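Dear colleague,

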Amino acid sequence: GHTLLTAAHFVDNPASGRVLRKLGFVPTGRIAPRYSCARGTMADAVEYAIALDAEGDPQPVMRAA
């Protein structure tokens, strides 16, 4: 019953963003702090989303303005 999946990558790891985009995720335009276990502190993360249709198949998400 989920209609939206979200994901994020840390700002200093753009390769993960490329993977997310290849999977169909789009940037939401939001950067938010998230806890990084490796750093032991908060770090900025770029947020992404992908919408799912009724069957759970991915659909494009409109990019935030």
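**Overall architecture**

Read from the N terminus, the elements of the chain follow the order β-α-β-β-β. That amounts to one helix and four strands. Please bear in mind that this is a predicted model.

Of the 65 residues of the chain, 26% count as buried. The chain exposes about 4,700 Å², with carbon and sulfur atoms supplying 58% of that area. Among the contacts with a separation of 6 or more, 50% are accounted for by residues 24 or more positions apart.

**The hairpin of strands 2 and 3**

Strand 2 (residues 26-36) pairs with strand 3 in the antiparallel sense, over eight bridges. One of the residues involved is Tyr 35, whose bridge partner in strand 3 is Met 42. The two strands, strand 2 and strand 3, form a hairpin with four residues between them. In the turn, Gly 40 has a positive phi of about 75°.

**The nonpolar core**

The largest nonpolar core consists of six residues: Ala 7, Leu 20, Phe 25, Val 46, Tyr 48 and Ile 50. Strand 3 (residues 41-52) supplies the largest share of this core, namely three residues. Ala 7 is in contact with Leu 20, Phe 25, Val 46, Glu 47 and Tyr 48, if neighbours within four places in sequence are left aside.

Glu 47 lies in strand 3. Is this residue, Glu 47, buried or exposed? With a relative accessible area of 14%, Glu 47 is buried, because the cut-off for that class is under 20%.

Residues up to four places away in sequence not being counted, Glu 47 touches Ala 7, Ala 8, Val 26, Pro 27, Thr 28, Gly 29, Arg 30, Ala 32 and Arg 34. Glu 47 and Thr 6 are 41 residues apart in sequence, yet their C-alpha atoms are 7.2 Å apart in space.

Two of the residues that Glu 47 touches, Arg 30 and Arg 34, also form salt bridges with Glu 47. The side chains of Glu 47 and Arg 30 meet at 3.3 Å, N to O. This pair links distant parts of the chain, with Glu 47 in strand 3 and Arg 30 in strand 2, 17 residues apart. For the salt bridge between Glu 47 and Arg 34, the N to O distance is 4.0 Å. Here too distant parts of the chain are linked, Glu 47 being in strand 3 and Arg 34 in strand 2, 13 residues apart. Arg 34 is partly exposed, with a relative accessible area of 35%. Arg 30, Arg 34 and Glu 47 are therefore linked in a network of salt bridges, a salt bridge being counted within 4 Å.

How many salt bridges does the count come to? The count is three, and one of them joins Asp 12 to Arg 39, with the closest N and O atoms 2.4 Å apart. Asp 12 lies in the loop between strand 1 (4-10) and helix 1 (14-22), and Arg 39 in the loop between strand 2 and strand 3, so the pair ties together parts that are 27 residues apart in sequence. Asp 12 counts as exposed, at 56% relative accessibility, whereas Arg 39 is partly exposed, at 37%.

With kind regards

How values were computed: Residues are numbered from 1 along each chain as its sequence is written. This is a predicted model: local features need pLDDT of at least 70, side-chain atom pairs count only at pLDDT 80 or more; totals for chains, interfaces and linings use all residues. Side-chain values use heavy atoms; hydrogens and water are left out. A nonpolar core is a set of buried Ala, Val, Leu, Ile, Met, Phe, Trp, Tyr and Cys residues joined through side-chain atoms within 4.5 Å. Buried means under 20% relative accessible area, exposed over 50%, partly exposed in between (1.4 Å probe, protein chains only). Contact means heavy atoms within 4.5 Å. Two strands pair if DSSP finds at least two bridges between them. Accessible areas come from the Shrake-Rupley method with a 1.4 Å probe; for residues, only the protein chains shown count as cover.
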